[in-house]
Amino acid sequence: DMTPSPLLKIQDVSLGFGRRQVLSNVSFDVPTGRIVSIIGPNGTGKTSLVRTVCGNLAPFKGKIILKGKDIAARTRADLARQMAVVRQNTDPLPMPVQAYVLLGRLPFFKPFQFFDTQKDRDIARHFMQVTGILDLADAAMDRISGGERQLAALARALTQEPEFLVLDEPTAHLDITHQAGILELFFRFDSMR
């Protein structure tokens, strides 16, 4: 069989909170280089599934396989080197945008490395340029608009140089201009890396 193995494989996953099950027996593959959307009404488990894929919520049963390896067997650092997440709301932190974006390089720090390198700064600046926020590098995250914070969150995720990008309603609460800009960036994801 010459079919390439999928980047992500969801195998018979059931999940929920406490005893309350919100999704049952979900299975699907995400091929490399594809955009997959999960659509449904509020309260149907979309965000719970995203949290499970990211390793933040253990499924009741089933497996999540990323690049042939169960995410339950991966370390947090290993998972962070493979996958980046953009959530629908970014907390406004009192730190410069550039410092926030540079946090995306943390999974690549060597033991006892406390400071970013020139390579890390170059990668961060590249993705700040790509997302159109380079001019906000010195602005405080808690002093910029919600749309600009979402762009900073996307720049941070891209700065991780992930193979797999997970987005949880990243355009929610944004005006139409920011929505269009962010969606355009997602479609260019492979060419930006």
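**Positive phi and a helix**

Modeller: Asn-25 sits in strand 2 (residues 20-30); strands are DSSP runs of E, at least two residues, and helices are runs of H or I, at least four residues, both numbered from the N terminus. Bear in mind that this is a predicted model, where local features need pLDDT of at least 70, side-chain atom pairs count only at pLDDT 80 or more, and totals for chains, interfaces and linings use all residues. Residues are numbered from 1 along each chain as its sequence is written, and side-chain values use heavy atoms, with hydrogens and water left out.

Biologist: What is the phi of Asn-25?

Modeller: Most residues other than glycine have a negative phi. Asn-25 isn't a glycine, yet its phi is positive, near 50°.

Biologist: Is Lys-67 buried, partly exposed or exposed?

Modeller: Lys-67 lies in the loop between strand 3 (61-66) and strand 4 (69-70). Buried means under 20% relative accessible area, exposed over 50%, and partly exposed in between (1.4 Å probe, protein chains only). At 39% relative accessibility, Lys-67 therefore counts as partly exposed.

Biologist: How many of the 14 residues of helix 5 are buried?

Modeller: Helix 5 covers residues 146-159. Among its buried residues are Gly-147, Arg-149 and Gln-150. Helix 5 is largely enclosed by the rest of the structure, because the buried count is 11 of the 14.

Biologist: Which residue just after helix 5 takes a positive phi?

Modeller: Look just past the end of helix 5, where phi turns up at about 50°. The residue with that positive value is Glu-161.

Terms used. The expected span of a helix is 1.5 Å times one less than its number of residues.
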